[in-house]
Structure formats: structure tokens, C-alpha cells
Amino acid sequence: MDRIRERTKVPNPHHVGEICILLPKDNLDLRGKAGYWGVVHHVGEYSCTVQTWDGDYTVKIEYLKLLELLDEDCQFMQQLCVRLRQLHQVASRDSSVDWLLQGLGKQAKPYLSPLQSKLLAAVEREYNLVWRQPK
């Protein structure tokens, strides 16, 4: 596939800031990441680096599924990713926080339910993480 791609020079269709879902297929580096969504952070010739709640993954474009979202929805998802990553970086976090992170990290929707929003805010307060929505 790589040789065919090199001959045809199909441009990478992704752009920085887009939201994509990881599709592990046969990629062992993505094992356990099926359904995770992330923000395209870097676009290469044949790959993208995607930031998810638990890390950065550089993957070929066939391992990504673009979520076609409005710009404001992409911004919401980008901000949510930052919040989830901040929580993931708390070394002393309770294991129940990981359940929340995994659940929200697979919910590829540009909104939180009222309960999800309250849970996330409560956990952030518990670990003294202050989130102020940019204006």
C-alpha cells in the first residue's frame, strides 16, 4: 500500500484541529484504543499525530476516521481533550477517574450531558484543576 501511495501522491486529507476516531485495525500500537477520539495535532505526508486523553499517537491516515464537525464543535472537543489530559496527568488520581476518562475519551460527541458535565467538574475540583472556558 505504501508503494502505491508513493506513486499516486494522494494528499493527506486531514488538517490540524480536526477531530478523528482511531481505527486500530491491525496496528498493534493502537490495541485497546478502538473508538478513542482525538485532535489532529500534526499532519504529515501520509500520517497524522493525534492527541487523545491518554497520549499522542502518530498513525497512518487509514487508521483515522474524520468526524465531520462544525468549527465550534471542534473547538469544544479540543477543549475537552485538554481537560481530560490534565486529569490523566494527575499521578495520585483515583482509579474511578480512569473510568470517567475512558468513557468520555470514547464518546465522540461535541457535547456533554448535564450529568457528565457535573461529574467532570466535580473531579476537576477534587484535584484542584480549574477550567475556565475561553471566551
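Modeller: Start with a definition: a disulfide is a pair of cysteine sulfur atoms within 2.5 Å. The model here is predicted, and a search of the whole structure finds 0 disulfides.

Biologist: Is Cys20 buried or exposed?

Modeller: Buried means under 20% relative accessible area. Cys20 has 0% relative accessibility, so Cys20 counts as buried. Cys81 is treated likewise: its relative accessible area is 3%, so Cys81 is buried.

Biologist: What share of the residues of the protein chain count as buried?

Modeller: The chain has 135 residues, of which 41% count as buried.

Biologist: Now the overall layout. How many helices and strands are there in the protein chain?

Modeller: There are 4 helices and 5 strands. Along the sequence the pattern reads α-β-β-β-β-β-α-α-α.

Biologist: How do I read the directions of side chains in a strand?

Modeller: In a regular strand the side chains alternate between the two faces of the sheet. Take strand S1, residues 19–22: Ile19 and Ile21 point one way, Cys20 and Leu22 point the other way, and all are buried.

Biologist: Which strands pair with S1?

Modeller: S1 is joined to strand S2 (residues 37–43) by 3 bridges, and the two run antiparallel. Within that pairing, Cys20 has Gly38 as its bridge partner. S1 also pairs with strand S5 (residues 64–67) in the antiparallel sense, over 4 bridges. There, Leu22 stands opposite Leu64.

Biologist: How many residues are in the hairpin between S3 and S4?

Modeller: The hairpin joins S3 to S4 through 2 residues. S3 and S4 pair in the antiparallel sense over 6 bridges.

Biologist: Which residue of S4 stands opposite Thr49?

Modeller: Thr49, in strand S3, stands opposite Thr58. The side chains of Thr49 and Thr58 are also joined by a polar contact of 2.8 Å. Thr49 has 13% relative accessibility, so Thr49 counts as buried. Leaving aside neighbours within four places in sequence, Thr49 is in contact with residues including Val39, Val40, His41 and His42, as well as Asp56, Tyr57 and Thr58.

Biologist: Where is Lys33, and is it buried or exposed?

Modeller: Lys33 is in the loop between S1 and S2. Its relative accessible area is 16%, so Lys33 is buried. The side chain of Lys33 makes a polar contact of 2.7 Å with the side chain of Asp54. With neighbours within four places in sequence set aside, Lys33 is in contact with Leu22, Pro24, Asp54 and Tyr57.

Biologist: How do I describe two aromatic rings?

Modeller: A pair of aromatic rings is described by the distance of the centres and the angle of the planes. The count in this structure comes to 1 aromatic pair. The ring centres of Tyr36 and Trp53 are 5.8 Å apart and the planes are at 45°, so the pair is tilted. The pair links distant parts of the chain, 17 residues apart: Tyr36 lies in the loop between S1 and S2, and Trp53 in the loop between S3 and S4. Both Tyr36 and Trp53 are buried.

Biologist: Which residues touch the most other members of the largest nonpolar core?

Modeller: That core has 31 residues, and Ile19, Leu22, Trp37, Val59, Leu64, Leu84 and Leu120 touch the most other members. Elements giving two or more residues to the core include S1, S2, helix H2 (71–88), helix H3 (95–106) and helix H4 (114–126). The largest share, 6 residues, comes from H2.

Biologist: What does Leu120 touch?

Modeller: Not counting residues up to four places away in sequence, Leu120 touches Leu80, Arg83, Leu84, Leu87, Leu100, Leu104 and Leu112.

Biologist: What share of contacts join residues at least 24 apart?

Modeller: Among contacts in the protein chain between residues at least 6 apart in sequence, the share is 63%.

Definitions and conventions
Residues are numbered from 1 along each chain as its sequence is written. This is a predicted model: local features need pLDDT of at least 70, side-chain atom pairs count only at pLDDT 80 or more; totals for chains, interfaces and linings use all residues. Side-chain values use heavy atoms; hydrogens and water are left out. Buried means under 20% relative accessible area, exposed over 50%, partly exposed in between (1.4 Å probe, protein chains only). Two strands pair if DSSP finds at least two bridges between them. Rings of Phe, Tyr and Trp (its six-membered ring) pair if their centres lie within 6.5 Å; planes under 30 degrees apart count as stacked, over 60 as edge-to-face and the rest as tilted. A nonpolar core is a set of buried Ala, Val, Leu, Ile, Met, Phe, Trp, Tyr and Cys residues joined through side-chain atoms within 4.5 Å. Contact means heavy atoms within 4.5 Å. A polar contact is a pair of N or O atoms within 3.5 Å; within protein, one must be able to donate a hydrogen and the other to accept it, and residues adjacent in sequence count only if both atoms are side-chain atoms.
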